Every structure is written in C-alpha cells, then in structure tokens.
Amino acid sequence: MPHTTARHTTARHTTNEGGESLDLNSVFVRPGEATELPRFELPRDQSLPETAYQIVHDEAMLDGNARLNLATFVSTWMDDEARRLYAETVDKNMIDKDEYPQTAAIEERCWRMIADLWNVPDVEESIGTSTIGSSEACMLGGLALKRRWQAGRRARNEPTERPNIVLSTAVQVCWEKFCNYFEVEPRWVPISAEHPMLDGHDLEEYVDENTIGVVAIMGVTYTGAYEPVAAIAGKLDQIEEATGLDVRIHVDAASGGMVAPFCQPDLEWDFRIERVASINTSGHKYGLVYPGVGWIVWRDTAALPESMIFHCSYLGGDMPTLALNFSRPGAQVLLQYYMFLRLGREGYRRVQQGSLDVAQLLSTEIGRLAPFELVSRGDTIPVVTWRLKEGYTETWTLYDLSDRLRMKGWLVPAYPLADDLAHLTVLRIVVRVGLSRDLASALIKDLAGEVSFLDELDSPMPRRGAGSHFHH
C-alpha cells in the first residue's frame, strides 16, 4: 500500500494499565499507524522500517549534540570516507581471525605501527593487540604485571596471595575496577597541592615485595597533566638499588599516547625508559577513531606471560590472541588503519597541534575572565581546566555555570578534584578534532555572557543540592 513520507514527530508518552507506552497518534501520517507501542515490552506486531527508524532517530535526537560535548575525550567526528568504510565493515567480527584474516593482519599492522611510534626497542620482539578501548587495555596491562609477579614469586617459592599495585588517586575508574575484579590491593598515592600527580615522591613508602607494578598516567583525566614517567622510573631505580625489588611501570597513555609522540617528541615517557613494560592508548580518543577501539603494546614477549595468550589457526599457521572481550566489530580497527594511512605522522602532528592551539586559545581567554584561575592550560594534551578564584562570589558556583552553558548546548562538566584537593571544584574542556577556532570563539562568547548573567544576581542561585553527575 502506498504511504506518504510526511513525518510529523508528535509522539507523546501516556500511561495505561499496561504501563508507559509510546503513542504514535498518526505520527508519520501513514495508514494504520494511529496506535500505541509498549516501551518496556516487545511489540506484538511489526512496524514499517521507516517508522521504526524514525522513532529511534527522534528518541536519540533528545541526546546532547556530540560535537558540543566538551566533557568527553572520545572522537565525535570522522570524515565521509571513514563513515562509508564504517558502514561497509561493521559486520566483520574482530574475534574471528580465521574468518576475517585480512582484518586480523591489519590489526597487527596497527599495533606494530604504534609500537614503533612509542620507540619499542625491537618491533619484531614486541607484542600487542587491539581492545574495545583503553579500559580493557588497562585490565590486560595490569593482569600481565600480576602474572609476571606471580611467576617470579613462585619460582622463588614465595607466597603470591597479597599482590598490590601503586597508582595515583587521580587515575581513571577502570583501575579501581581492575583492582576489584582481579583482586589486587591498590596502594593509593594521594594528590595534593604540593604533588598534584604521581611524581615519585615518597614512592618507597608504597612499594614492597608484593608490588606488581606502578601505573603512570600520560594525560590525567582531571587536568590533562602528564605524570613524569622518567622521574618515577628513576625513583624505582633507587628502590631497586636499596632493596633489590625490580618493579616495572605500566603507562596509561589513554590520551597522551597519541599526542605526545607528535607534539612533544623529545619528552621521554615511552619504551625509551627501560622500566616501562607496557603502554596502552585509546584509538577512539586522540587516535581519532569513533568508539570503541583501544591498543596495548608490551615491550617484548617476556613482559607478557604466555599464560595470557591463546592460539588459533590463522592462514594455516598460528595466530596468538588475547582479549577480555569476544565478539566485537572489526570496523574500528579498519578505521584506525584508515586514519594511519590518511594522516601519517605529519597529519597527526598537524591535527593534534591544531587541537592544542585551540585549547591554549581557550585557556588564554578564560584566564582573562575575572572570576577564574587556570588549573591547566592545554599544553600537554589539549585539556583546559579552571576554578573560581577563592572568595570571588557567594551567589553562584561552577555547577551553576555548567548548567547555564548546557542551556546553550555546551556540555562542560563541573566536578571536584581528587583526594586532598576534593575541596576544589573545576570546569574542564576537552578539545578534540572538530572543535574549530570559530566554535571555540562562540563558546568563549557564551561563557562570558553567562558569567555576566550570574554576576548580576543579587541572591544565590536556587538549588536542590550541589554535586556533579559527571564521571570522568
């Protein structure tokens, strides 16, 4: 039966004896569609594909604009060719390496390119893999440290029941999950005004014979800061000299791993430092790929215990594989390869430097506004963080400013810092490809306008309670 393509999105939610339902009410002006669909049960009958599409499309339209989401590190834009490649390859299953051997081969090319980028001593002796994201990669990196520590202890007939790992209180929540899921005691090194990141200070108080490793962050999610991997390694050298304990480092470079090699190439944080056993990054952050893909590389096969590797048939030979996740699209791995071919080293440098330039433009303009004091300037990874000057106002907070910016479409999170700095609330902007100088200028204009509005208040903003719904 022919039907009109006119679409008038006037669906409304109603409540009846069956619970909440979606009342189409002739939403799309098609015969027979003046009906209701249940929200929490499978509909009894079929719908036209155009109808199902438009319902889901209209629901998703109520989300925030991804391009204006300045809270996330995750890529929100790729070019038309990448989107076409995504659509063509989303049906490939990354775990089926024997069915999709070329995708498996491209995965290996990618991690070897990354290993070379991170100055691994011998790419042929290293090993790596793609993951769903940097969180899975962190789990694998931590687990490899634990297995290596266990093997050493067992070889010396020593107990293995109490492993611990040393890390800053500013790590991403995935490390809390690692400690919980894999039964490793976290040795939290608190951040403070004097030591706002893990820098090796007093490290000997946290490291002992049960320490499986130390985590260093290249791009702290709160502020974008680089933890000084070389200084941490130097302190571990001193500890080994004094105690004989050989403790290795995993570098969580979820963000910085795809910025520092291009824009701060002389900074030593990677496999140039002998104590670095493994490094992870997010392909879907500054790797410039849609979510979700991550990468982890180990210095050599000795850093990855054989017990973590599974072997499958691959082109008549053996393909080592390791992962926590199983079936997942191969498209993101192919998109990563596309980006490596598309940009090369110089292209990545230009893109990341462009983001750094925009971040520093934002930090300069924000620093000129009377209420604010900068916490970070966007000169490590392109992240700008700022706070209210102490005693500036009692009528509004950064949570109020965040809410006002959301009304303009900008998602700029307000949240407290970690640990001893939890009394400080900050706003943070993550600059990614797609946030142009023009958009940044529009953001500054809106930010200044909302500050003027809040400054003109003659009484505090009404609120039900203070706090952040933001999860870094």
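**Close-up 1. Ser 130 is a buried residue, with 0% relative accessibility.** The model is predicted. Ser 130 counts as buried because its relative accessibility, 0%, falls under the 20% cut-off. Ser 130 sits in strand β4, which spans residues 127-131.

**Close-up 2. The side chain of Ser 130 makes polar contacts with Glu 107 and Arg 328.** The contact with the side chain of Glu 107 is 2.6 Å. The one with the side chain of Arg 328 is 2.7 Å. Beyond its neighbours within four places in sequence, Ser 130 also touches other residues, including Met 94, Gly 294, Trp 295 and Val 333.

**Close-up 3. Strand β4 is covered on both faces.** Five of the five residues of β4 are buried. Ile 127, Thr 129 and Thr 131 lie on one side. Gly 128 and Ser 130 lie on the other.

**Close-up 4. Strands β4 and β10 pair in the antiparallel sense.** Strand β10 covers residues 294-298. Five bridges link it to β4. Within this pairing, Thr 129 stands opposite Ile 296 of β10.

**Close-up 5. The second largest pocket has a volume of about 420 Å³.** Its lining comprises 25 residues. Pro 196, Thr 223, Ala 225, Val 375 and Ser 376 lie nearest the pocket centre. Strand β13 (residues 372-377) supplies the largest share of the lining, with five residues. By residue class, the lining holds 15 nonpolar, six polar and four charged residues.

Key: Residues are numbered from 1 along each chain as its sequence is written. This is a predicted model: local features need pLDDT of at least 70, side-chain atom pairs count only at pLDDT 80 or more; totals for chains, interfaces and linings use all residues. Side-chain values use heavy atoms; hydrogens and water are left out. On a 1 Å grid over the protein atoms alone, a cavity is a set of points where a 1.4 Å probe fits but cannot get out, and a pocket is an open set with protein on both sides within 12 Å along at least five of seven lines; lining residues have an atom within 4 Å of a point. Grid points are joined across faces, edges and corners, and a volume is the space filled by probe spheres set on the points. Helices (H or I, at least four residues) and strands (E, at least two) are DSSP runs, numbered from the N terminus. Ala, Val, Leu, Ile, Met, Phe, Trp, Tyr, Cys and Pro count as nonpolar, Asp, Glu, Lys and Arg as charged, and the others, Gly among them, as polar. Buried means under 20% relative accessible area, exposed over 50%, partly exposed in between (1.4 Å probe, protein chains only). A polar contact is a pair of N or O atoms within 3.5 Å; within protein, one must be able to donate a hydrogen and the other to accept it, and residues adjacent in sequence count only if both atoms are side-chain atoms. Contact means heavy atoms within 4.5 Å. Two strands pair if DSSP finds at least two bridges between them.
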